[in-house]
Amino acid sequence: MEDSIEVILQDHSAKYLHRYPDNHALAAGSGALLAGCYGLWAMFVLPGFRRVPLRLKVPYLPSSVEQTANVMKLLQGRQGALADLGSGDGRLVSLEPVLGEPQVLAACSQGFRCTGFEVNPVLLAYSRARARWSGVPAGHARFVNQDFWKTDLSGYSNVTAFLAPGVMQALEEKLLAELPDDGRVVACRFPFPRWTPSHTEGSGLDRVWAYDVIAVRKPRPQNPAA
């Protein structure tokens with residue numbers, strides 16, 4: 001009986017000894033993965049956040065190629081100065097492959113003078129380098145380390161925004177107070193809560209909405225009293 005118990009204990013000990021290295025490797029791998037995720041978050045999301053009030057903070061979300069193409073469709077035929085609010089990695093104003101066609105200039109190809117507003121210094125440096133590598137003329141695009149919430153946007157007749165639902169109402173008020181009547185605003189993925197869009201393009205996560213400022217400023221018709 002004692003011999004049987006000893007054999008059983010030896011079997012269990014061998015199993016645990018074999019499992020331990022696997023568990024140790026799994027724990028080490030999980031720790032490395034979490035550390036890597038935190039490093040990416042700290043590099044691309046955290047910098048610049050202290051400069052923006054808590055209620056207006058927006059994480060970095062890259063736009064897709066299809067979403068960029070939808071934005072440019074809603075800006076066709078327009079010209080002048082364009083402000084990209086929270087420009088991220090700068091893909092909207094840089095050389096982008098649109099709908100499978102390589103080397104297509106996004107906003108600058110349509111004659112816009114583009115300004116990308118970005119408070120994250122890592123993304124800002126990357127977008128500037130990306131624009132240079134893509135061959136974007138220096139006079140057609142610039143990226144500034146500037147908080148657009150504290151910037152007067154009255155000099156821009158075209159605005160693009162890929163932000164977050166929680167700040168869209170505040171952005172409505174700012175743009176309505178500052179943009180000219182001939183301005184157009186294109187919102188990506190998250191529409192403005194109180195504005196009626198003039199046009200839409202795409203579907204799902206790639207859907208974008210275009211708002212003409214002069215139409216938004218018109219007073220809404222009131223229902224006649226019953």
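Residues are termed buried when their relative accessible area is under 20%, exposed when it is over 50%, and partly exposed in between (1.4 Å probe, protein chains only). The structure is a predicted model, in which local features need pLDDT of at least 70 and side-chain atom pairs count only at pLDDT 80 or more, while totals for chains, interfaces and linings use all residues. Residues are numbered from 1 along each chain as its sequence is written, and side-chain values use heavy atoms, with hydrogens and water left out.

Helices (H or I, at least four residues) and strands (E, at least two) were taken as DSSP runs and numbered from the N terminus. On this basis the protein chain contains five helices and nine strands, arranged along the sequence as α-α-β-β-β-β-α-β-β-α-β-β-β-α. Of its 226 residues, 40% count as buried. With contact defined as heavy atoms within 4.5 Å, residues 24 or more positions apart account for 70% of the contacts in the protein chain with a separation of 6 or more.

An open sheet is formed by seven strands in the order E5-E4-E1-E6-E7-E9-E8, with mixed pairing; two strands pair if DSSP finds at least two bridges between them. Its edges are strand E5 (141-144) and strand E8 (199-201), each of which pairs on one side only. From one strand to the next the twist averages 20° (axes are lines fitted to C-alpha atoms, for helices over the stretch in contact, and angles run from 0 to 180 degrees between N-to-C directions).

Helix H2 (residues 65-74) packs on this sheet and touches strand E4 (112-117), E6, strand E7 (184-188), E8 and strand E9 (208-212); the direction of H2 makes about 20° with that of E9. Seven of the 10 residues of H2 are buried, so the helix is largely enclosed by the rest of the structure. The buried residues are Gln-67, Thr-68, Ala-69, Asn-70, Val-71, Met-72 and Leu-74.

Strand E4 is likewise largely enclosed, because five of its six residues are buried. E4 runs parallel to E1, to which six bridges join it, and Cys-114 of E4 stands opposite Leu-82. E4 also pairs with E5 in the parallel sense over four bridges, where Cys-114 stands opposite Ala-141. E4, helix H3 (residues 121-134) and E5 make a right-handed β-α-β unit; right-handed denotes a path from the first strand over the helix to the second that runs clockwise with the strands pointing away from the viewer.

Strand E1 (residues 80-85) and strand E6 (residues 158-161) are parallel and share four bridges. In E6, Leu-82 has Asn-158 opposite, and Ala-83 has Val-159 opposite. Both faces of E6 are covered, with Asn-158 and Thr-160 buried on one side and Val-159 and Ala-161 on the other. Four bridges join E6 to E7 in parallel, and Thr-160 has Val-186 as its bridge partner in E7. A further right-handed β-α-β unit consists of E6, helix H4 (residues 168-178) and E7.

Arg-184 lies in strand E7 and counts as buried, at 11% relative accessibility. Its side chain makes a polar contact with the side chain of Asp-212 (2.7 Å); such a contact is a pair of N or O atoms within 3.5 Å, where within protein one must be able to donate a hydrogen and the other to accept it, and residues adjacent in sequence count only if both atoms are side-chain atoms. Beyond its neighbours within four places in sequence, Arg-184 is in contact with residues including Leu-74, Asn-158, Val-159, His-199 and Asp-212.
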